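Open the model in your viewer and keep the selection panel at hand. The stops below say what to pick next and what you will find there.

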Amino acid sequence: MNARKLLQDHGISVSDLRVQMIEILARARAPLSFESFSLDANKTTFYRNMELFEKEGIVVKTELDRKGFYELADRVRAYFVCEVCHEFQNIQMPKLDGKIKSVLVKGVCQKCDEE
Ligand SMILES: [Zn+2]
């Protein structure tokens, strides 16, 4: 995927950080929080950019314990997420007419439930 083109298509000016953020999301297999990006950027800048991406419909945000987890909007998947360890697992996407934006099932995973 071409991060620069994606930004330009949405009228967002290209910066190294923005390109980096999109590329990390494109490689991710599950929604990511700020910490998992390990970027050389401060939190405020990070969240400001994510808000912009969200507004432009590039990114979808999932909130969990008041923490944002982000993924690219064009590849939305269905997840089960553990409220204890915050691990995301893919689940089957429900079949329905219309456009699904996100599917999130919350609970406690087997590993945490046993502890
Ligand atoms: Zn867990």
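A residue counts as buried if 20 or more other C-beta atoms lie within 10 Å of its own, as exposed if 12 or fewer do, and as partly exposed in between; the C-beta atoms are placed from the backbone. This is a predicted model: local features need pLDDT of at least 70, side-chain atom pairs count only at pLDDT 80 or more, and totals for chains, interfaces and linings use all residues. Residues are numbered from 1 along each chain as its sequence is written.

**Whole chain.** Show the cartoon. There are five helices and five strands. Both are DSSP runs numbered from the N terminus: helices are H or I with at least four residues, strands are E with at least two. From the N terminus the order is α-α-α-α-β-β-β-β-β-α. The C-alpha trace spans about 45 × 35 × 20 Å along its principal axes. Of the 115 residues, 13% are buried.

**Helix H2.** Select 16-27. H2 has twelve residues. Its first and last C-alpha atoms are 17 Å apart, close to the expected 16 Å (1.5 Å times one less than the number of residues). Which residues of H2 are buried? They are Met21, Ile22 and Leu25. These three lie on the same side of H2, because they cover an arc of only 95° around the axis (taken from the directions from the helix axis to the C-beta atoms). Now turn to the other side of H2: Asp16 and Arg27 are exposed there.

**What covers H2.** Next, pick Met21. Beyond its neighbours within four places in sequence, Met21 is in contact with Phe37 and Asn49 (contact: C-beta atoms, placed from the backbone, within 7 Å).

**The core.** Select Leu6, Leu7, Met21, Ile22, Leu25, Phe53, Ile58, Val59, Phe69 and Tyr70. These ten residues form the largest nonpolar core, meaning a set of buried Ala, Val, Leu, Ile, Met, Phe, Trp, Tyr and Cys residues joined through C-beta atoms within 7 Å. H1 (3-9), H2 and S2 (67-72) each give two or more residues to this core. H2 supplies the largest share, three residues.

**Strands S3 and S5.** Finish with 78-82 and 103-107. S3 and S5 pair in the parallel sense over five bridges; pairing requires at least two DSSP bridges. Cys82 stands opposite Gly107 in S5.

Note on methods
Contact = placed C-beta atoms within 7 Å.
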